[in-house]
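Please open the structure in your viewer and keep the selection panel within reach.

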Amino acid sequence: MSLEFTSSEMMSVTAARALNNDMTCFVGIGLPSEAANLARLTHAPDVTLIYESGTLQTKPDVLPLSIGDGELCESALTTVSVPEMFRYWLQGGHISVGFLGTAQIDRYANLNTTLIGDYREPKVRLPGGGGAPEIATNAKEVFITVKHSKRTFVKDVDFVTTVGFGRDGKARDNVPNIGRGPTIVITDLCILKPDPETKELVVTSLHPDVTREDVIEATGWEIRFADTLETTPAPSAKELEVLRSLKARTNAHHSGQQ
């Protein structure tokens, strides 16, 4: 009997699978946090999760609302200062993966969390970069998880808050002291990876029941597909059980229903 699951659950489970026990992951709030903690609670119990506020090897019982959520500090092995977090752990090369979300992403995996519209007269002001620009620069590689729509997947982001591969796909060329950049983008429709030569994002796997047309209609540029297009494995019963339990605990906790 096939299991029922939502596209959001499919995205979180797929993103979680990208992590393994040997990784030290610098986690962004929101979808990245959900995926990272799902990984920790299922197949990667020894993954080291680090948050921008300085919490090391944190194991929250519920998902944090922000990097300042007390749940992170209370469940961490230790908490260090923010300067130490960035200067030693991140810039020192100790972070294997930065896990990020975004408001806009373009064909070269540049991220925008600053504003929508013209810089001088923006339509919307967004929260800003936070630690994402430094994470994307210094982590050995970057995973991105975001919901797929034309509003989010644009040909050129309105503002480059966090560099993927630059406006021309060449921003990381011949710069040996920074990380590899984005290696995978996971959405509620598919998995994308950068072309080895051009660095333009290419669809490599479609989620169950998702068609090429679905992805084309949700993307703001002429999206390319891999020659060999895979189908992403569906979530298991265990993955769905753990994810739903985590979200239920989180909702109850943040609504005061202990």
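Is the crossing of helix 1 and helix 2 left-handed or right-handed? The crossing of helix 1 and helix 2 is right-handed, where right-handed means that the near helix is turned clockwise from the far one by less than a right angle, and left-handed that it is turned anticlockwise. Keep in mind that this is a predicted model, in which local features need pLDDT of at least 70 and side-chain atom pairs count only at pLDDT 80 or more, while totals for chains, interfaces and linings use all residues. Residues are numbered from 1 along each chain as its sequence is written, and side-chain values use heavy atoms, with hydrogens and water left out.

**First stop: helix 1 and helix 2**

Select residues 7-17, which form helix 1, and residues 31-41, which form helix 2; the two pack at an angle of about 60°, with their axes 8 Å apart. That angle makes helix 1 oblique to helix 2, since angles under 35 degrees count as roughly parallel, over 145 as roughly antiparallel, 65 to 115 as roughly perpendicular and the rest as oblique. Axes here are lines fitted to C-alpha atoms, for helices over the stretch in contact, and angles run from 0 to 180 degrees between N-to-C directions.

Now show the side chains of Met11, Ser12, Val13, Ala15 and Ala16 in helix 1, which meet Leu31, Glu34, Ala35, Leu38 and Ala39 in helix 2 (contact means heavy atoms within 4.5 Å). The residues of this contact divide into eight nonpolar, one polar and one charged.

**Second stop: helix 2 and helix 7**

From helix 2, Glu34, Asn37, Leu38 and Leu41 take part in the contact, and from helix 7, Glu239, Val242, Leu243, Leu246, Lys247 and Arg249.

Select residues 115-117, strand 8, and residues 122-125, strand 9, which run antiparallel and are joined by three bridges (two strands pair if DSSP finds at least two bridges between them). Gly117 has Pro122 in strand 9 as its bridge partner, and a hairpin of four residues links strand 8 to strand 9.

**Last stop: the whole chain**

Finally, select everything: the secondary structure of the chain comes to seven helices and 14 strands (DSSP runs numbered from the N terminus, helices being H or I with at least four residues and strands E with at least two). Along its principal axes, the C-alpha trace of the chain spans about 50 × 45 × 35 Å.

Conventions: Ala, Val, Leu, Ile, Met, Phe, Trp, Tyr, Cys and Pro count as nonpolar, Asp, Glu, Lys and Arg as charged, and the others, Gly among them, as polar.
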